[in-house]
Amino acid sequence: KRFPGILANDDVTFEVRTGEVHALLGENGAGKTTLSTILTGLYRPEQGHLVVDDRPVVFDSPRDAIAAGIGMVHQHFRLVSPFTVAENIVLGDHRREGRAFVTTLLWIVNFTNILVLSSLSGWLPTIFQGLMGYDASTATLLATTVQVGGTIGAFGLAWLIVRGGFIPMLTLTFAIATVSVALIGQPGLSLPVMYTIVFIAGWCVVGGQPGLNALSSSYYPTYLRSTGVGAGLGIGRVGAILGPTLGGWLTEYYSWRWAFYINLPVGALTVLGILAFLPETARAHRGKFDFFGFALLSITIGALQLLLDRGNSLDWFGSTEVVLEATVAGLALYLFLVHMFTTEKPFIEPGLFADRNFSVGVLLMFLVGIMMFSGMALLPPFLQGLLGFPVITAGLVMAPRGFGTMIAMVIVGRLIGR
């Protein structure tokens, strides 16, 4: 690192491993502070490179360094010299961080995505069977393909976000979601094409929601994180209230195709909201993607979903097909676990599960998913097929379920923050 007339750092090699403590010794002007400020993004070196977790990184600002887990406690308080004492105090007041604009955008994006997600989950089985003419087994399989795509998409999108950044990846994801959901309403599509479109829609809409949650978590500091994320999801649940009602109203008074076409303006609003985020987190180096591990996990999820969908109609393990699907799911899961614990860079790092909070969170989300998505898929056919409610009434009956979720998310977010 050079300054006018001064070579501050020359041929410096510095390596720090987890758990180590180092001391930099040197006279005044030896370059200790310069090296530290390069490592924390205040300065950029003219030569050389930085490597974090075996990945080359470039820090354009201290924000990038902090996102990579590198921060600096300065020897002296850092003040803005031209500012008065009062102006410096106001500048450092975390209550005036100006997060209102981005928070509003997060609320809008959460609202629009959950609106589409709840509408898809609520009305797909009914539309596929009652209005598109598919038999009950095919309609159920098509509807659950959305969740299969969402589960696989959550894993795949997480890897893409780490390598490509939140804004580019989420923008692309929801742009594809907008088009794919609208295509479901197109007439004359063959069944294989419909399966493909529904899978892509699930990948982008259902799989994209965890990406939005991660974006919210990365934006808010620790002391605001639970409140900020909880409030955003709470507002998003308004979409869960309106989604079934809007889908039922469009189906009843216009055409069931409009339940899908309405996603075009809603999806465009989501994409524009994401693009409005100016801050971006630091991107990791594009490391090697574990295609084998990802393929094994996808096969496990797909085979298990087929087993659960078709088992009841095929007398479960009295059917050769169900036995075959169970065998494929079990074998793929076994190979995935062996691969995860033996390969150098697995698709899912097993060390994550050593964190108790992470493991408990995964278990709780699994249990919540069982209760939440099973109800979302079964309520429409139950209300219309067994109770005989018209489409619009069924939508209104399903709407209140979002109120409890919305209130709980806002309250729990604030309680966690305390």
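**View 1. Contacts of Leu170.** Leaving aside neighbours within four places in sequence, Leu170 is in contact (heavy atoms within 4.5 Å) with Leu157, Ile161, Gly208, Gly211, Leu212, Leu215 and Ile274. This is a predicted model: local features need pLDDT of at least 70, side-chain atom pairs count only at pLDDT 80 or more, and totals for chains, interfaces and linings use all residues. Residues are numbered from 1 along each chain as its sequence is written, and side-chain values use heavy atoms, with hydrogens and water left out.

**View 2. The largest nonpolar core.** This core has 41 residues. Phe128, Leu170 and Ile184 have the most contacts inside it. A nonpolar core is a set of buried Ala, Val, Leu, Ile, Met, Phe, Trp, Tyr and Cys residues joined through side-chain atoms within 4.5 Å; buried means under 20% relative accessible area, exposed over 50%, partly exposed in between (1.4 Å probe, protein chains only). Helices that each supply at least two residues include H4 (100-131), H5 (136-164) and H6 (166-184). Helices are DSSP runs (H or I, at least four residues), numbered from the N terminus. H4 gives the largest share, ten residues.

**View 3. The second core.** A separate core holds twelve residues, among them Phe294, Leu296, Leu297 and Phe347.

**View 4. Val360 on helix H14.** Val360 lies in H14 (residues 356-386). Val360 is partly exposed, at 41% relative accessible area.

**View 5. The whole chain.** Buried residues make up 40% of the 418 residues. Of contacts between residues at least 6 apart in sequence, 73% join residues at least 24 apart.
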